[in-house]
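Me: I have a model open and want to learn how to read it. Can we go through it feature by feature?

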Amino acid sequence: MIYDLFIIGGGVNGCGIARDAAGRGLSVFLVEQNDLASGTSSASTKLIHGGLRYLEHYEFRLVREALIEREVLLKAAPHIIWPLRFVLPHHDGLRPKALLRLGLFIYDHLGGRKILPPTRTVDLHTDVTGEPLKADFTTGFEYSDCWVEDARLVVLNARDATAKGAIIRSRTKCVSARRDGALWTLVIEQNGQQETIQAKALINAAGPWVSSVLGAVVGRNDPDKIRMVKGSHLVVEKLYDHDRCYIFQNADGRICFAIPYEQNFTLIGTTDQDHKGDPGKPEISDEETDYLLRSVSEYFRMPVTRDHVRWAYSGIRPLYDDGASKAQEATRDYVLKVDKPDDGAPVLSVFGGKITTARKLAEAVMDKMKPFFPAMKGSWTAKASLPGGAFPYSEVDARIAALQKAYSFLKPAVIRRLFRAYGTEAEKILEGARFANDLGQSFGPISEREIEYLRANEWVVTADDILWRRSKLGLHMKPEEQQALREFMEPTQKSKPKKTAKVD
Ligand code: FAD
């Protein structure tokens with residue numbers, strides 16, 4: 001068979017493009033060399049946001065598109081996306097209050113906000129959000145953005161793509177792509193076995209590998225360059241009890257978030273460091289750890305130290321190299337480059353982009369593909385829900401309560417997690433169960449039934465796929481529970497216990 005599109009990369013962009021294209025009637029084959037979302041798309045700050053900071057770099061197009069996307073995505077996946085409120089304390093000596101007010105006025109009005117509440121001024125000496133902060137901070141501004149379970153967004157896009165006929169192969173690497181007249185001949189490799197696929201167009205959505213795919217896989221001598229910018233996060237013990245997030249200004253002009261995370265933790269991020277070499281397994285440096293701890297300790301009454309740190313993760317932003325002098329100033333907007341010789345098949349490469357704008361990016365990719373597939377259908381994803389998300393976001397609590405009533409033998413925290421992960425599909429996992437035993441063997445918070453569901457529907461192979469990408473149960477499960485899960489899923493792991501949570 002000759003496919004219409006062959007996509008390299010199972011991150012948010014590759015899977016988003018696969019979904020959009022399959023829904024327009026194109027035949028799609030996508031390969032991901034590791035697990036889905038194993039690259040940058042599981043290492044983000046997990047915000048569906050306009051990007052307040054980008055206003056300072058005059059990125060109005062990007063900010064407007066991203067602001068509009070907040071409510072589009074909230075409607076499409078209200079189980080894995082939810083509204084958040086951010087408190088931005090005014091800091092004497094940094095941006096003046098009038099500038100903060102102006103920025104937030106633009107932020108409130110640029111992007112067709114209908115559901116999310118507007119900005120308000122907060123007296124930090126009387127409001128609960130002032131309690132964990134030093135007394136010098138008297139005024140704050142509270143505004144809206146959204147949270148997303150980033151790796152789950154990727155998998156839901158992949159699932160919707162397959163529901164519309166796409167083939168998604170994880171743990172499969174594209175090792176070579178050669179033009180054969182009007183077709184591409186792709187060599188893919190899985191478990192040491194090679195296979196050849198033919199396609200009319202190639203989409204290079206390899207994230208931080210986009211240039212190396214153009215060079216080593218496609219064989220281009222002068223591939224367009226990306227700027228790899230590492231960003232790291234710390235997960236620390238919960239620093240405060242309310243549900244608001246903080247956005248702190250740093251003296252270097254950057255900002256730093258502190259966000260309630262996974263019930264028991266606070267997420268702190270992020271950094272901007274130029275990265276050279278293999279983007280494979282980026283790790284936080286001591287310098288980044290110190291920087292993040294220093295940034296938030298400038299604001300919190302109680303200094304945040306290495307003793308609070310429970311985990312850290314890092315990702316590489318695959319930014320388009322626009323020649324900006326500082327990493328933090330390089331554009332966050334996406335750039336799509338099409339290369340098509342007169343008589344040859346096209347390749348489109350994706351540079352940059354955000355989790356927030358991946359759906360719009362996929363639409364832009366389809367616009368570029370239109371001349372090659374004139375019969376394809378029009379755009380459709382703006383009003384379509386993702387798997388498990390076909391309900392109004394205002395019903396989340398009622399639906400969790402109904403699930404709890406139907407499966408009262410499960411603890412409220414388990415029911416909430418299942419609904420937040422799978423939405424209406426949680427029912428499929430639990431169906432028919434009347435007692436905990438009906439769900440099979442238990443590994444702390446996760447049951448055999450859920451594992452089987454993940455294996456059957458979400459390309460899960462290893463314990464890490466579950467512990468760190470389909471969920472963050474790695475933060476909650478005891479070492480012996482994690483080991484039991486490993487032995488269950490990967491029997492060869494029996495004799496080699498693996499440390500997963502990085503605790504400094
Ligand atoms: P990736 O997710 O890296 O996917 C590319 C995939 O291609 C990889 O999984 C890789 O394994 C695969 N691949 C490469 N070569 C091959 C090959 N030869 N064969 C098969 N597969 C291959 N965005 C937001 O909207 N909100 C945020 O809060 C946010 N915070 C961020 C914080 C940080 C620290 C970082 C680094 C980024 C953040 N972003 C955020 C940006 C966002 O995460 C990225 O833009 C997005 O995840 C990039 O997705 P991608 O699909 O292009 O790349």
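**Reading strands, helices and loops**

Reply: Start with a strand pair. This is a predicted model. Strand E1 (residues 2-8) and strand E10 (residues 193-204) run parallel and share six bridges. Tyr3 sits opposite Ala199 in E10.

Me: Which strand pairs with E10 in the antiparallel sense, and over how many bridges?

Reply: E9 does, over seven bridges. Here Trp184 stands opposite Ala199 in E10.

Me: Which strand do three bridges join to E10?

Reply: Strand E18 (residues 347-351), and the two run parallel. Ile203 has Leu348 of E18 as its bridge partner.

Me: Now E9. How does strand E8 (residues 173-180) pair with strand E9 (residues 183-190)?

Reply: In the antiparallel sense, over seven bridges.

Me: What should I look at in the hairpins?

Reply: Look at the residues between the strands, and at phi. The hairpin of E8 and E9 has two residues between its strands, and Gly181 there takes a positive phi near 65°. The hairpin of E9 and E10 also has two residues between the strands. In that hairpin Asn191 has a positive phi near 50°.

Me: Where is a cis peptide bond?

Reply: Between Gly269 and Thr270, with omega about 15°. Thr270 lies in the loop between strand E14 (265-269) and strand E15 (273-274).

Me: On to helices. How do I describe two that pack?

Reply: Two packed helices are described by the angle between their axes and by the distance between those axes. Take helix H1 (residues 12-23) and helix H4 (residues 150-163). Their axes are 8 Å apart, at an angle of about 25°. H1 and H4 are therefore roughly parallel to each other; the cut-off is under 35 degrees.

Me: Is the crossing of H1 and H4 left-handed or right-handed?

Reply: Left-handed. On the H1 side the contact uses Val12, Cys15, Gly16, Ala18, Arg19 and Ala22. H4 brings Leu153, Val154, Asn157, Ala158, Asp160 and Ala161. By class, the contact of H1 with H4 has eight nonpolar, two polar and two charged residues.

Me: Now the second pair. At what angle do helix H11 (residues 448-457) and helix H13 (residues 479-489) cross?

Reply: At roughly 50°, and their axes come within 13 Å. That angle makes H11 oblique to H13. The crossing of H11 and H13 is right-handed.

Me: Which residues make that contact?

Reply: H11 supplies Glu448, Ile451, Glu452 and Arg455. H13 supplies Leu485, Phe488 and Met489. The contact of H11 with H13 divides into four nonpolar, three charged and no polar residues.

Me: Last point. What is the mean pLDDT of the protein?

Reply: The mean is 94, and 98% of the residues reach 70 or more.

Me: Where does pLDDT stay under 50?

Reply: Over residues 497-504. For residues 497-504 the model has 23 contacts beyond four places in sequence. Keep the pLDDT in view when you read those contacts.

Notes: Residues numbered from 1 in each chain as written. Predicted model: local features only at pLDDT ≥ 70, side-chain atom pairs only at ≥ 80, totals over all residues. Heavy atoms only, no water. Axes fitted to C-alpha atoms, helices over the stretch in contact; angles between N-to-C directions. Helix = DSSP H or I, 4+ residues; strand = E, 2+ residues; numbered from the N terminus. Parallel < 35°, antiparallel > 145°, perpendicular 65-115°, else oblique. Left-handed = near helix turned anticlockwise from the far one by under 90°. Contact = heavy atoms within 4.5 Å. Nonpolar A, V, L, I, M, F, W, Y, C, P; charged D, E, K, R; others polar. Pairing = 2+ DSSP bridges. pLDDT = per-residue confidence, 0-100.
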